[in-house]
Structures are given as structure tokens and as C-alpha cells.
Amino acid sequence: MKQSDCFSCHSVDQKMVGPAYAWVAYKYKGQKDADVKLAQKIKAGGAGNWNALTGGVPMPPHPQLTDAQAKAMADWVLKQKPVEPPKA
């Protein structure tokens with residue numbers, strides 16, 4: 001995570017450009033294959049999921065990451081203490 005640009009836009013417990021990792025952990029909590037879904041999102045990028053809280057800033061894709069790297073990142077994010085995002 002520290003070798004990538006993740007912490008330029010995300011923090012563990014507060015909104016920066018993107019949502020807090022704790023919010024992401026909350027969103028995916030209990031979902032089957034959450035690690036796989038989030039790893040795919042990390043590699044492909046995305047937009048629209050957090051618009052109400054982030055103002056619609058898209059997450060850029062990270063195609064340079066291997067599947068194993070993206071999965072390790074997703075696993076780390078999902079291990080954060082889940083916190084419900086604020087209401088938009």
C-alpha cells in the first residue's frame with residue numbers, strides 16, 4: 001500500500017479525496033468474495049460508488065498491479081475496523 005499511491009487519496013478513518021478505508025470495510029462487510037470484488041475495483045478503478053461523500057471524484061485504475069498485489073491490498077483494507085460512513 002505504501003509503495004503505491006493509495007494514501008494520496010485515502011486514509012484509514014477519514015475522507016480525503018476518496019472514502020476512508022474503514023468505510024470501505026463497512027461497505028464490504030459480510031459480502032461473499034469481498035476480497036476479490038475489491039481487488040478487481042482496485043485494478044480497474046471506478047466511479048459513482050461514493051459520489052455523495054466524495055463529490056464524484058473517480059478512482060483511477062491501477063493496471064500495473066498484479067492480481068496478488070491487488071488482493072493483498074484488498075485484504076488489508078477489509079481488515080480495518082468497519083465504520084459506517086456519514087450520511088450524505
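**Entry 1: helices and Lys-37**

I count helices and strands as DSSP runs, helices being H or I of at least four residues and strands E of at least two, numbered from the N terminus. With that settled, I looked up Lys-37 and found it in helix 3. I am reading a predicted model, where local features need pLDDT of at least 70 and side-chain atom pairs count only at pLDDT 80 or more, while totals for chains, interfaces and linings use all residues. Residues are numbered from 1 along each chain as its sequence is written, and side-chain values use heavy atoms, with hydrogens and water left out.

Is Lys-37 buried or exposed, or partly exposed? I call a residue buried under 20% relative accessible area, exposed over 50% and partly exposed in between (1.4 Å probe, protein chains only). Lys-37 comes out at 37%, so it counts as partly exposed.

Next I listed its contacts (heavy atoms within 4.5 Å). Leaving aside neighbours within four places in sequence, Lys-37 touches Tyr-28, Gln-31 and Lys-32. With Gln-31 there is a side-chain to side-chain polar contact of 3.3 Å. For such a contact I need a pair of N or O atoms within 3.5 Å; within protein, one must be able to donate a hydrogen and the other to accept it, and residues adjacent in sequence count only if both atoms are side-chain atoms.

I then went along helix 3 and found Ala-34, Leu-38, Ala-39 and Ile-42 buried. Seen down the helix 3 axis, the buried residues fall within an arc of 125 degrees (taken from the directions from the helix axis to the C-beta atoms), so they line one face of the helix. Gln-40 and Ala-44, on the other side of helix 3, are exposed. What do the buried residues of helix 3 pack against? I found helix 2 and helix 5 there. After helix 3 comes Gly-45, with a positive phi near 80 degrees.

I also looked for a nonpolar core, meaning buried Ala, Val, Leu, Ile, Met, Phe, Trp, Tyr and Cys residues joined through side-chain atoms within 4.5 Å. The largest one has 17 residues, and Val-24, Leu-38 and Ile-42 have the most contacts inside it. Helix 2 (21–28), helix 3 (34–44) and helix 5 (67–78) each give it two or more residues. Beyond its neighbours within four places in sequence, Leu-38 is in contact with Val-24, Tyr-28, Ala-74, Val-77 and Leu-78.

**Entry 2: aromatic rings**

How many aromatic pairs does a search of the whole structure find? I got four. Rings of Phe, Tyr and Trp (its six-membered ring) pair if their centres lie within 6.5 Å; planes under 30 degrees apart count as stacked, over 60 as edge-to-face and the rest as tilted. Phe-7 and Tyr-21 are edge-to-face, 5.8 Å centre to centre with 85 degrees between the planes. Phe-7 lies in helix 1 and Tyr-21 in helix 2, so this pair ties together parts 14 residues apart in sequence. Phe-7 and Trp-76 are also edge-to-face, at 6.0 Å and 80 degrees. That pair links helix 1 with helix 5, 69 residues apart. I noted that ring pairs join Phe-7, Tyr-21 and Trp-76 into a cluster.

**Entry 3: His-10**

Last, I found His-10 in the loop between helix 1 (6–9) and helix 2. At 12% relative accessibility, His-10 counts as buried. A polar atom of its side chain lies 2.8 Å from the backbone oxygen of Pro-19.
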